[in-house]
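Hello,

Here is the structure we talked about handing over. My notes follow below it.

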Amino acid sequence: MNTNPQRRPTREGVLEAAAKVAAILPRTPLLPLEVDGRTIWCKAESLQPVGAFKIRGAWHRLTALSDEERRRGVVGVSSGNHAQGVAWAARRLGIAAAIVMPTDAPEVKLANTRALGAEVILYDRPGGEDRDAVSQRLCAERGATLVHAFGDPWIIEGQGSLGIEIAAQMAEIGLEGPDQIVTPCGGGGLTAGLALALPDAAVVPVEPEGWDDVGRSLASGEIQRVAADAPPTACDALQTPATWPINFEVLKARCPFGLVATPAEVRAAQRLAFAKLRLVIEPGGAAALAAVLAGKVELTDRTAVVLSGGNTDAEAFAKVLAENA
């Protein structure tokens, strides 16, 4: 078992992660959706036990810990979905988990993380407090292992297991596998994992308006940060200040560009997913579908779209559904 934190993610690691995930979780559905006369394929990760794809990377990461690392526990950083993935995996493996979460995280994500047995440590995201500094201090004090939300080779590989599933599911219905995959993107863990998993597919990351650091990084060839005056966004799951080098190494080789989804486009995608697919999708989880519905992606008959999560407050989701009703 290689626990060297300096290693880089590989496709072989993605395949290992996919086997681990398949051993404990059923595959999430791959649902057809007609858009502009074409059928696209929507991966419903909102139906995972923790309501998001993050369970994949968390399971791959925590199962790779040594016995001594398990005894010392783990620290995660998350606005809520990674938090629940780590908490779920930690509880199943008997590992103590502390999660650094922002004070403005959706209450449903805070409550669900605590319910899974993790210790929640709050930081002031609106006030500019650095979550990575908080988590690193905790790791130093406790001797714990940092389980980063996206800047970790095992996390990247684990998220890539989603792409392996999509390819297998499409093959079962007589398709060669995706030639294009459109995905929500925050720090780039999922996007990088998909790029490793699906080397023959175009990978298109979609970010919320004002939080498109990955898209700007791809355009410039260097890692860019979100502006200090970035606007508020309902896409809390994608609200990361910058990608990390370990992610960008993969992204710049496989993703020629990134796209942006506006708040109105995201809400429209949430409503359509509810009406046509009978799914509850959180704002960040709907970003990729939002770009597709807005005509920002040239569709093929083998386009896959990731619906990455469904952890949204009932009141907030009801307001989205009521809009334009």
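**Cavity, pockets, sheet and a helix**

One cavity of 30 Å³ or more turns up by the rule used here. That rule works on a 1 Å grid over the protein atoms alone: a cavity is a set of points where a 1.4 Å probe fits but cannot get out, and a pocket is an open set with protein on both sides within 12 Å along at least five of seven lines. Lining residues have an atom within 4 Å of a point. Grid points are joined across faces, edges and corners, and a volume is the space filled by probe spheres set on the points.

Before the details, the ground rules. This is a predicted model, where local features need pLDDT of at least 70 and side-chain atom pairs count only at pLDDT 80 or more, while totals for chains, interfaces and linings use all residues. Residues are numbered from 1 along each chain as its sequence is written, and side-chain values use heavy atoms, with hydrogens and water left out.

The largest cavity holds about 270 Å³ of space. Its lining has 26 residues, and Lys54, Gly186, Gly187, Ala237 and Thr240 lie nearest the centre. Two or more lining residues come from each of α4 and α8 (189–197). α8 gives the most, with three residues. Helices (H or I, at least four residues) and strands (E, at least two) are DSSP runs, numbered from the N terminus. By class, the cavity lining divides into nine nonpolar, 13 polar and four charged residues. Here Ala, Val, Leu, Ile, Met, Phe, Trp, Tyr, Cys and Pro count as nonpolar, Asp, Glu, Lys and Arg as charged, and the others, Gly among them, as polar.

The largest pocket has about 580 Å³ of space. It is lined by 23 residues, with Arg125, Glu129, Trp211, Arg225 and Pro241 closest to its centre. The classes are 11 nonpolar, five polar and seven charged.

The second largest pocket has about 410 Å³. Of its 24 lining residues, Thr233, Ala234, Cys235, Asp236 and Pro283 are closest to the centre. α11 (263–277) and α13 (314–322) each supply at least two of the lining residues. The largest share, four residues, is from α11. The lining splits into 12 nonpolar, six polar and six charged residues.

**The sheet**

Four strands form an open sheet, ordered β5-β4-β3-β6, with parallel pairing. Two strands pair if DSSP finds at least two bridges between them. β5 (119–123) and β6 are at the edges with a single partner strand each, so one side of each has no neighbour in the sheet.

Strand β3 (residues 74–77) is joined to β4 (residues 97–102) by four bridges. Gly76 has Ile99 as its bridge partner in β4, and Val77 stands opposite Val100. Three bridges join β3 to β6 (residues 145–147). There, Val75 is partnered by Leu146.

Which β3 residues point the same way as Val74? Gly76 does, whereas Val75 and Val77 point the other way.

**A buried helix**

Helix α2 (residues 54–63) has 10 of its 10 residues buried, so the rest of the structure largely encloses it. Among them are Lys54, Arg56, Trp59, His60 and Arg61. Lys54 is also one of the residues nearest the centre of the largest cavity.

Best regards

Terms used
Buried < 20%, exposed > 50% of the residue type's maximum accessible area, 1.4 Å probe, protein only.
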